[in-house]
Amino acid sequence: MKQHQIVFVQASAGAGKTYNLAKRYIELLFKYNNTDIKNIVALTFTNKAAKEMKYRIIKYLKQSVLNPKTSFLFKDFKLTSQEIIVKSCDFINNIFEFYDNFNISTIDSFKNHILKSCAINIGLSPMFSVKQDYSKNLLVALDTFLKQSVTSNNLQNILLRQYMSQYLIKNFSWFPKYQIYNEIEQIFNKISNIGKGLTFSKKYSFVKELNFKATTIINKVNEFNKLLKKKQFKNICKTSSNKILQYKIENLVKMQIPKIFIETLLKKQSKETTLWQTINKDIKSFCSFYMKHYYDIYASIYSNVINEFDKQAKQHNVVFLNEINKKTSNFFNDKNITISEMYYRLSARYKHFLIDEFQDTSLIQWLGIKKFVEEGLAINGTLFYVGDKKQSIYAFRGVNTNIFNIVKNDFYNFPITKQYLETNFRSGKAIVNFNNAIFSKNNIQRFFRTLAVDKYNNSVEYAKLIDTYSAPKQITNKEQHCGYVNIKMLNDNNENVLSKIKVTLIMYIKQIIKRFNSQDIAVLCRKNKEVEIISSWLIENKFEIESNQSLNIKHNDIIKQIISLLMFINCPFDNLAFASFLVGDIFNKITQITNIEFEQFIFNLHYRREKKFIYQFFKITYKDLWNVYFKDFFNQSTQYSIYDLNILIIDKFKIIENFPNSKVFIMCFLELVNSFEKDNFGLRHFIEYFNSLQEDDSLLFVKGLFSKGIKVMTIHKAKGLQFPVVMIPFLKLFIQKGIKNPYPYYYKNKIRLFNINKNIALFSKQANKLYTQERFNLLQTELNILYVSMTRAIYELYGIVPNQNSNLYINLVPKQFSCNNFISGHQESYCKQTFNEQVILDNDKNGYKTIQWHFKQQNPEKQYSLNMMLIYSLSYIVTIHSDKINESIQTALNIVQKKLFLNDLTYIKYKLIQIFNLKKVMQLFRYKKSKIVYNMKTIINSTGKILIIDKLIITNKRVIVLTYKQIYDQSYFKQEIIKVLSNIYKNKKVNIYYLDLENIKLNIIE
């Protein structure tokens, strides 16, 4: 058993990772004695991958029950068909009965689960909330630090004397608050991704020491220049020496040091030679000092700001998403908790671990998992991890392919069994063969020779990079379709290249949609800017599209107009916001007045140079429109919550009815509003919050939208996905120049922040080594991104290659493929799949998404949702007059319809009428002055437990409880309710009724 405790599966693109992970999971259940689902943890990198893996496992277990003989998973298990059926049934029942033990989730979810179980050990409440956006809190922490620096001499020294003197070397603005923020935000992200503590030197005043070193160099250069006057090598060094003397300190601190100072030009032993060598040594020391200590002041400020940041987070009981890995990795290091105590708190003991996409695991993520794996291996558990170094494209998140070597080093006592998945089940043969040729070890080596990679002189990094592309070539199975590859090289210059790409792309798409549906096509781009360009081209040519831009509510015209109206309501003096709403489609549709008229109205005001605000003239010119559509918002907006205000806007302007295609965007927007209001308040704050959201923030994207359009997305978004047709309109490969500072350098188990650039690397061996290493890392990331983009296609792959000087893709293509238009394979007519419109269902927990009911085929999930809708409707009916039953029902339904945007409430109305036809129910709801009635009443028992009563009725002699939810333990429920209510309403009898919504019956709970 021990020789297979750790298994690494190297799986290239399309090789069936999910299948092998699901197969391994089932193998653990069947072949390892006493293994239960609660002993297995499977970790993925996306929620979609986790759901897919769960689906596969359940599917394979069901197949084994229905027909064990045909199930290929069990051929090596040495079990009879009956044994397979019995065990599979047991495992399926176990999964559904104890679904919480079905531990298949993302790494972030797993870490969050761990953090919640042991939150008290690090000073957090177990009820902490996880937030993604930390920027507001970090900015507040910085503001606090700046205020404290006014009264603290120590902080004044850090901020005013040290930081400002350094800042003013290169900058001239005052006061540089946001410059500081940008720097500490970068440090915050780097530290969060790495998980190590930050260290810095307090010994030096950076500018003072830098000036001293620079002055020393300048004095020696000046002395050297004087010696040169009588020497024959005067012309060789004079120009470079004069550059330093001319600009003095400014040139040195900007690292603009002539390259000649790195050379040993003076070979004869003399006074000049000795002085030259001394200058050379001083310059190296100067550069090394600059590299190591430039960020000390930023690190010092950061350490003060982050203390305040952590303090605020604890006060508000918040953990930010990018800190979860850091906090969980420190559990065991800081001896906050033992692994035994951890398992006790989790009520589980993990033994077997499966990790998907291991190349995307960062060091800090691994540190948080390692202790669990270590404990599992110690009790004969296993580690099964699947990955492909060629698909590692998240270097900006602290991910590095060295993670594979770290696992070997961490568990060197356990031999690692390595498996290769060589068969590509995704792509056609022509596509696989093309990628095999491009990304083969021999071709990558040839490519490096064209780049003169040897000049970097780092054989270790070179070997690592070559090893990444040393996996065996992929093969296709016998039944694999032919496939098609079309790579077109453009010879146009840079000025014409965009228009040429556009023409070529549109031409290809027009040909492809004759054989494929639009949604079968994916256009992959490297940057968001390219996504925007391609999206605009496709929209211009009347193609339907689905892109980050098209699914982002910030880019939806209706949402933009709602935001404009909110901005006007918040500040009536905002002429631009009010004008934007007036000329928009929402107001045009509801008033049936063309936007041209309103444009003319606004233009005339501008032409007359009126000094009043637009709304003041609008009130006079369009008095009726003002009174109908704006007056109430203008006068009463502060009376509403932000969510209710938006509901009123949507209702007033009939936005859902007039713009049904934007319905899902509106629901997503309302969900965002609701989420904001949980922790914040105020319309102004919401507008600031909405505008501050980054373009790639997940809160802004409509989820579950199924589009008929061509998919346009970045390569990073496409990772893990596959598409029938893939098009890469900007097929190129660049070597990025420089290093993104600050550069995190490991120093005594902590992180020092270095400032490295090409000029420093010339004079410092340490900087040169790090600079070269980073160049290799960037090169590998670029190659990996290219590999990911070219392995997403199932049937057809298209690439358009701009012929630009810096495009190294041209060098990467082997000679046999290097022609202006390389074509391989055959285009075929594939059967178009029927497009089914997807219905976005609501789980009814929040009630903000689109809800569509189909009552003909009921299922338990829908029945549950119907019951919840009935409960929600009943919550708006307090009491009823006997002659106004229908009116009360309709009033409640109108509220529900406005709140949840339901299309049809006929069935709900029918059920409510049935309910109130019961005399006993009607007696409970009938209006009486002597009754006190509460709907959805919250009470708290002596232990602090919260109980919610659907309906509580207080009469002179009785307390009546009416519950609509099914009670599984009625005696316990009755005991709890009576215990609390008897203490509150003494000398009154408590009666409890259960209204069965399915069967329309009223039962008393005895």
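Predicted model: local features only at pLDDT ≥ 70, side-chain atom pairs only at ≥ 80, totals over all residues.
E6 pairs with strand E7 (residues 382-387) through four bridges, and the two run parallel. Strand E2 (residues 40-44) also pairs with E6 in the parallel sense, again over four bridges; here Val41 stands opposite Phe353. Going from E6 to E7, you pass through helix H15 (residues 363-378), and the three make a right-handed β-α-β unit.

Now for the rings. Searching the whole structure turns up 67 aromatic pairs. Here are two of them:

| Pair | Centre distance | Plane angle | Type |
|---|---|---|---|
| Phe188 and Phe309 | 5.3 Å | 70° | edge-to-face |
| Tyr508 and Tyr798 | 5.2 Å | 45° | tilted |

The Phe pair links distant parts of the chain, with Phe188 in helix H7 (residues 177-194) and Phe309 in helix H12 (residues 296-315), 121 residues apart. Phe188 is buried at a relative accessible area of 1%, and Phe309 is buried with a value of 1%.

The Tyr pair bridges 290 residues, from Tyr508 in helix H20 (residues 497-512) to Tyr798 in strand E18 (residues 793-801). Both Tyr508 and Tyr798 are buried.

Charges meet rings too. Lys554 lies over the face of Phe690, 5.7 Å from the ring centre, while the charged end of Arg752 sits over the ring of Tyr747, 5.5 Å from its centre.

Conventions
Residues numbered from 1 in each chain as written. Heavy atoms only, no water. Pairing = 2+ DSSP bridges. Right-handed = clockwise from strand over helix to strand, strands pointing away. Phe/Tyr/Trp six-rings, centres within 6.5 Å; stacked < 30°, edge-to-face > 60°. Buried < 20%, exposed > 50% of the residue type's maximum accessible area, 1.4 Å probe, protein only. Lys NZ or Arg CZ within 6 Å of the ring centre and 35° of its normal.
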